[in-house]
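Trainee: Could we go through this model together, setting each value against the definition behind its label?

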Amino acid sequence: MQQQAIVVNEPSDASGLVPAEIPVPAPGPGQLMVKIAATGVNFIETYQRSGVYAVDYPFTPGTEFSGVVEQIGDGVQNYKVGDRVATASGSRGYAQYALVDAKRAGKVPDAVNLNIAAALPLQGMTAHYLVHSSYMVRSGDVVLTYAGAGGVGLILTQLLKLKGATVITTASTQEKKDLAKAAGADYVVDYDQVAATVEQVTGGAGVHAVYDGIGKDTFETSLAALRRRGTLVLFGGASGQVPDFNLQRLNAGGSLSVTRPKLDDFLATEQELHWRFGDIFGWVAAGQIDVRIGAEYPLTEAAAAHAALESRATTGKIILVP
């Protein structure tokens, strides 16, 4: 049985994402075969497509998707055919059907639309571990983030507000500033206004924590924004990797802390995954957080979706719909 999918045959620009017919996969032991409702598009897939990250070609991208369980592999006990599921850890998700290990999936509440569910696992669980584990935010904290209208940024701001934090963030256009404010950010400024805003808001003391997914271009600003014993959580490098630096600077800056986490290490057990997944999807189902779909493309237009993502003109999440 064949299905429609997107295949990359060699390293290329976005035009290398081409529709193709590939076999429908059969679930192995411990796996679910999911009929996909929607697939989340993530920046790492542009690196895989272009050859920056090594993959085996021909290659079908996509690890984040939602849908309905169509078949179950041997040994799966907690799922049945017809269950609504989502994951950030599937494989070959730019397709109509894809596989995921049952231990890396979560059930989607009936109150959550499956298109929204496809936009949530990766960025939602990232925001969750940032706020609840890498630096545990307390009510009254002042926190600096960047890219407040991005997929992670919009969810991160909402989780910070649920924890009672004051949020300073950045956005590059008025439209993006309006989105970040609507998500609850207290101060939304241009990147060159960060230092002055932190000074004004904290009376010179500095912020309790910075969540920095930009990396090289913002690292110095992030360090300088911290108060004594503040924490910098460097969770990405959109502008490039931070050069080596002298750890003694942390001592001189006021006993600062820097951590460089990644999501997989905060999903170390099935129980941890279901804690984060359950919280995020529960908050969406209860209307406590909102998930923005910035753009929705047919699966066959994956090339256009990648081009839009790489232009950095998007807000929220891009999804593909078979």
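This is a predicted model: local features need pLDDT of at least 70, side-chain atom pairs count only at pLDDT 80 or more; totals for chains, interfaces and linings use all residues.

Trainee: How are H3 and H9 oriented to each other, and why?

Mentor: H3 and helix H9 (residues 270-285) pack at an angle of about 105 degrees, with their axes 9 Å apart. Angles of 65 to 115 degrees count as roughly perpendicular, under 35 as roughly parallel, over 145 as roughly antiparallel and the rest as oblique, so H3 and H9 are roughly perpendicular to each other.

Trainee: What makes H3 and H4 oblique to each other?

Mentor: Helix H3 (residues 121-134) and helix H4 (residues 151-162) pack at an angle of about 45 degrees, their axes being 9 Å apart, and that angle is therefore classed as oblique. The residues of this contact (heavy atoms within 4.5 Å) divide into eight nonpolar, five polar and no charged.

Trainee: Why is Gln-31 called buried?

Mentor: Gln-31, found in strand S3 (residues 31-40), has a relative accessible area of 19%; buried means under 20%, exposed over 50% and partly exposed in between, with a 1.4 Å probe and protein chains only, so Gln-31 counts as buried. A polar atom of the Gln-31 side chain lies 2.7 Å from the backbone nitrogen of Gly-28.

Methods. Residues are numbered from 1 along each chain as its sequence is written. Side-chain values use heavy atoms; hydrogens and water are left out. Helices (H or I, at least four residues) and strands (E, at least two) are DSSP runs, numbered from the N terminus. A polar contact is a pair of N or O atoms within 3.5 Å; within protein, one must be able to donate a hydrogen and the other to accept it, and residues adjacent in sequence count only if both atoms are side-chain atoms. Axes are lines fitted to C-alpha atoms, for helices over the stretch in contact, and angles run from 0 to 180 degrees between N-to-C directions. Ala, Val, Leu, Ile, Met, Phe, Trp, Tyr, Cys and Pro count as nonpolar, Asp, Glu, Lys and Arg as charged, and the others, Gly among them, as polar.
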